[in-house]
Amino acid sequence: MNFIQQVYKGKNEWYHWLFTIIVVFFGWQVIGVVPLVMAAAAKSKDLEQFSKFAEDNFMTAGLDKNFLLFLIILTFFMGLIFLFVGIKYIHHRAFITLVTSRAKIDWKRFFYGFFVWGILAVGMSYAGVLLAPENFTWNFNATPFFILVVISFLFIPFQTSFEELLFRGYFMQGIGLSVTSKKFPFYFLYILLSICVIIFLINKFEYDILNVIIAYVAISIIQFFITDSNAFSSFFDSKFNRSLVFFFNSKLTPLLVTSIVFGLLHGANPEVAKLGQITMVFYIGTGLFYGIVTLMDEGTEIALGLHAVNNITAAFFITTDWTVFQTDALYIDTSEPSVNWEMFVPVFVLYPIMLLLFSKKYGWTNWKGKLTGKIIKPLNLKENNSTLDEIES
């Protein structure tokens, strides 16, 4: 069975997915945030000051940078724990099915991606320092730096693993499961329309979230009655809808959707506010790169290594006062925020080179089938991978 087909090893009614998403969100954004909120509250004089700290993502709360980084990572760690709970106890499938299609996790793949990209990331960062030394200040302070290194290597992989297993694992497999449904084209277009409506309502009501929620719930209720009607049942069985299902039933659909959503969710990062929406090229491009690696390798091991070392390097090598990671790094970038070559070189130069390198090392073949092939429900869960690959190609 290929990576997306691992989803068929568990329970997949709509409520299993809904409950798991709620559980993960609760662990990540409620329980996981409690220690950070408590630490910021201890630094606040009153509620007004606490609210100000919250608006700045607690960066101005006066917390030690290493301690703040640890508390931020802790939120993702809780999300990962609750994702494990959702997969094991709600979907009733082994957590390894979210990680890989192999019988066991291939840690050699993880460390290969980790070290190769780590060398490139450090090399690019140092090249930036050498090319414009006037923009960087040496910031080495032994005690906080080595604490930062320990936190980075021990805990940042939890943050990146949560993101990878949520997007390249859970959502990739979930959307892959959904595209085989005759209702997928409607819901896909409905969600796109909903996003447009929500954006309009947010602007219309000047960020009055309560009104937005009420309006969206009303829209969803209307949608439910429409799709539950006999007329709509006829549409789902129509030749036109069957053509849409055939069009959407491709591994390209979960690959593109998860990559775009992954990029858009990084839109809340301070880098986007400083540099503009052009940064979406990097975030979406990076999500696409991780997604291609996952589908071609039939597992997330390499992507887990790539993402982990990317964020570790970002944490301890160069920092600024406007990026998402503000740490006691080796260098402080004091230049004015601007879009430069470092944003586009990874997406358009290094990522393709890395794909070529991985394909040579691991013998990747059948690119068309693995990236755009149809998603097939296995008739026998014990059916061997070679047979499924032949079907997909």
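Which residues line the largest cavity? In this predicted model, the lining is formed by Met59, Lys65, Leu68, Leu69, Ile72, Val324, Phe325, Gln326 and Thr327.

**The cavity**

- The largest cavity holds about 50 Å³ of space.
- Its lining residues comprise 6 nonpolar, 2 polar and 1 charged.
- Among the lining residues are Lys65, Leu68, Leu69 and Ile72, and helix α4 covers residues 65-90.

**The sheet**

- Strands of a sheet pair through backbone hydrogen bonds, and the pairing may be parallel or antiparallel.
- Strand β3 comprises residues 331-333, and it runs antiparallel to β1, to which it is joined by 3 bridges.
- Within this part of the sheet, Trp138 has Tyr331 in β3 as its bridge partner.

**Helices α1 and α4**

- Helix α1 spans residues 14-31 and helix α4 spans residues 65-90; their axes come within 7 Å and cross at roughly 160°.
- Because angles over 145 degrees count as roughly antiparallel, α1 is roughly antiparallel to α4.
- The crossing in which α1 passes α4 is right-handed.

**Helices α7 and α14**

- Helix α7 (residues 142-178) packs with helix α14 (residues 280-297) at an angle of about 55°, and their axes lie 11 Å apart.
- The two helices, α7 and α14, are therefore oblique to each other.
- The passage of α7 across α14 is a right-handed crossing.

Technical notes:
Residues numbered from 1 in each chain as written. Predicted model: local features only at pLDDT ≥ 70, side-chain atom pairs only at ≥ 80, totals over all residues. Heavy atoms only, no water. 1 Å grid on protein atoms, 1.4 Å probe; cavity = no way out; pocket = protein on both sides within 12 Å on 5 of 7 lines; lining within 4 Å. Points joined across faces, edges and corners; volume = space filled by probe spheres on them. Nonpolar A, V, L, I, M, F, W, Y, C, P; charged D, E, K, R; others polar. Pairing = 2+ DSSP bridges. Helix = DSSP H or I, 4+ residues; strand = E, 2+ residues; numbered from the N terminus. Axes fitted to C-alpha atoms, helices over the stretch in contact; angles between N-to-C directions. Parallel < 35°, antiparallel > 145°, perpendicular 65-115°, else oblique. Left-handed = near helix turned anticlockwise from the far one by under 90°.
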